[in-house]
Amino acid sequence: MKKTSYIFYGLLLLGLLVAPFVGFYPVFMMKLLCFALFASAFNLLLGYTGLLSFGHAAFFGGAAYVTGYVTKAWGFTPELGLLAGVLIGGLLGLVFGWLAIRRQGIYFAMITLALAQMMYFVALQAPFTHGEDGLQGVPRGALFGLISLGNDLTMYYVTLVIVVAAFLLIARTIHSPFGQVLKGIKENEPRAISLGYDVNKFKLMAFVISAALSGLAGSLKTIVLGFATLSDVHWSASGHVILMTLVGGLGTLSGPLVGSAVVVLVDNKVGELGNLLARLTSIEWFTTLGESVTIVTGLIFVLCVLAFRRGIMGETIAWMGRVRGR
Amino acid sequence: MTISMPALLSQLLLGLVNGSFYAILSLGLAVIFGLLNVINFAHGALFMMGAVGSWMAMTYLGINYWVMLIAAPIVVGAFGIVIERLLLRRIYKLDHLYGLLLTLGLTLLIEGGFRSVYGVSGLSYSAPEALSGGTNLGFMFLPNYRAWVVVASLVVCFATWYAIEKTRLGAYLRAGTENPRLVEAFGVNVPLMVTLTYGFGVALAAFAGVLAAPVIQVSPLMGQNLIIVVFAVVVIGGMGSIMGAIITGLGLGVIEGLTKVFYPEASSTVVFLIMVVVLLIRPAGLFGNEK
């Protein structure tokens, strides 16, 4: 098992290193990397601690706005902008988590959703977020004031380094004694309590880490694309990250990476698929598919929950286990 | 800061109108959650179906408001029954969160479907003639339709409360919430009861949708933001008590209306702020009896 996963991650990294040279658009790849990080951070909470947060858009979007603002208005360098985003993500996570862990299960999800909606209205009304227009034209700047990120290729490798580092941090967290306690809480919370663990403290720490890394993903997205808009804080962004994790496989390290790639691809390519279907079947309605990605997203959600709960990587791992057992 | 009395009263009435919708929707959520252990994210989308359905019936078939007030809940309720039988039934044994995710997927499907036909702009639907205009009460001008919404909602809410708390069928329902297997052993058809309960909760949402059609702008996305506010209402009130859901819904609507008068900037966030305060003081909710 260990050997296969080393091969998997080795090939993945190799693929990402050469991607810009074999015809993948760096900007698209960077967007993908940001969402892969976002989903991995989210999975730390849902997949490994068993907490369904429906408010992760607040950390992603909140950090996106803050990074955009400090780099644009105050002239922060990108690394300081990212740091500001991580701090804001973590801070919001501390407040949200502190409030939400008072209730369990489904209430936890509803509370985080409601708090995130509050953030959405703040972003809609606050003067510095520019309401419906969002923050536009955020400069990429120069890393440490030295390396200009204006070039897509430089930006791509910086993004890759940051995302890989954050991913390694998540992997390290999961495999640490701390991560084992989180898993214990997920499997059987009363037992974890009876063993003397301060469960709420562990939950809160997991929440803050997850929120801070989601913030990093949001900040990175702002630096890469140069804007932060209301759609980053909208609840559908929280829904999207849940879907990515679910499609890839809850509680698998590689799942969110695969899931985010699938979901981002679906978002981008569904219009073309619709046009193709319209040509093949000559049903005019299919051409509107591109505008209503939500139908496709909803369908994937329903199918995943009903028939495919382990996700792509969960199924793959289970399948490999069966092959090995034979 | 001076606030005129009529303006205050009119916002208060508007708050009551919104509160009525909160009350009916959170009531439906509570009834469904009690028996199915599913938090129905699709409630907002089904509310929207009630409203857009009325608009469609009026525009394409010329069917009037009063017919739709009865027909929309039946049709949408039947749609709910199909959803329960085909989809929700398969996930009862799983963790609660799958219920939320499945209904979230349904929401995206339903809203996306309507959006691909009607876009996101509002469709106009006017109040029936019998209820247009208003009555001058001397101290304020009372729009008839708004008064009707509040009265109709209260009647439906209290009828539901009575049916659940005071009738034999309601007793089965409450017993099913406590211990479905034991109730089944007494010869009650619990799966059927579950199906009908979901259908009923959904019908309530559609009824609220028809009521809302003339006062809230009808659009495929009208249920989206509403459902999140209703979730906050449910967290504040707790889902343990029917009367609690009604009172919390109405109360929060009124508070929201008053906030529009005194501090309009906070009117969209006040319910969430109250949720935070309630979580700090009384984490189980005002009427909660969470296990």
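Here is a friendly walk through a predicted model, starting with one chain as a whole and ending with single residues.

Let us begin with chain A. Its fold has 14 helices and two strands. A compact globule of 326 residues would have a radius of gyration near 20 Å, and chain A has 20 Å, so the two agree. Of those 326 residues, 48% are buried. The contacts in chain A also reach along the sequence: among those between residues at least 6 apart, 76% join residues at least 24 apart.

Next comes the place where the two chains touch. Chain A brings 33 residues to this contact, and chain B brings 33 residues as well. On the side of chain A, the elements that give two or more residues are helix H5 (105-125), helix H11 (235-248) and helix H13 (293-307). Which of these gives the most? That is H5(A), with 13 residues. Sorted by class, this side of chain A has 21 nonpolar, nine polar and three charged residues.

While we are still in chain A, take a look at Leu149(A). You will find Leu149(A) in the loop between strand E2 (147-148) and helix H6 (152-175). Setting aside neighbours within four places in sequence, its contacts include Pro78(A), Arg140(A), Thr154(A) and Val158(A). Pro127(A) is 22 residues from Leu149(A) along the chain, and their C-alpha atoms are separated by 28 Å.

Helix H4 of chain B runs over residues 96-118. At 1.5 Å a residue, its 23 residues should span 33 Å, and the end C-alpha atoms are 33 Å apart, so expectation and model agree. H4(B) is mostly covered, with 17 of its 23 residues buried. After H4(B) comes Gly119(B), which has a positive phi near 70°.

Helix H9 of chain B, residues 222-237, can be read in a similar way. Its 16 residues should span 22 Å at 1.5 Å a residue, and the end C-alpha atoms are 23 Å apart, which agrees. Because 14 of its 16 residues are buried, H9(B) is largely enclosed by the rest of the structure. Here too a glycine follows: Gly238(B) comes after H9(B), with a positive phi near 80°.

A positive phi also turns up in a residue other than glycine. Most residues other than glycine have a negative phi. Asn37(B), however, has a positive phi near 55°. Where does Asn37(B) sit? It is in the loop between helix H1 (5-36) and helix H2 (43-61) of chain B. Asn37(B) counts as partly exposed because it has 19 C-beta neighbours inside 10 Å.

Our last stop is Pro73(B), which belongs to helix H3 (residues 65-86) of chain B. Pro73(B) is buried, because 26 other C-beta atoms lie within 10 Å. Which residues does Pro73(B) touch, beyond its neighbours within four places in sequence? They are Ala203(B), Ala206(B) and Phe207(B). As for Pro264(B), 191 residues away from Pro73(B) along the chain, the C-alpha atoms of the two are separated by 34 Å.

Definitions and conventions. Residues numbered from 1 in each chain as written. Chains lettered and ligands numbered in written order. Predicted model: local features only at pLDDT ≥ 70, side-chain atom pairs only at ≥ 80, totals over all residues. Helix = DSSP H or I, 4+ residues; strand = E, 2+ residues; numbered from the N terminus. Buried ≥ 20, exposed ≤ 12 C-beta atoms within 10 Å, placed from the backbone. Contact = placed C-beta atoms within 7 Å. Expected span 1.5 Å × (residues − 1). Nonpolar A, V, L, I, M, F, W, Y, C, P; charged D, E, K, R; others polar. Rg over C-alpha atoms; globule rule 2.2 N^0.38 Å.
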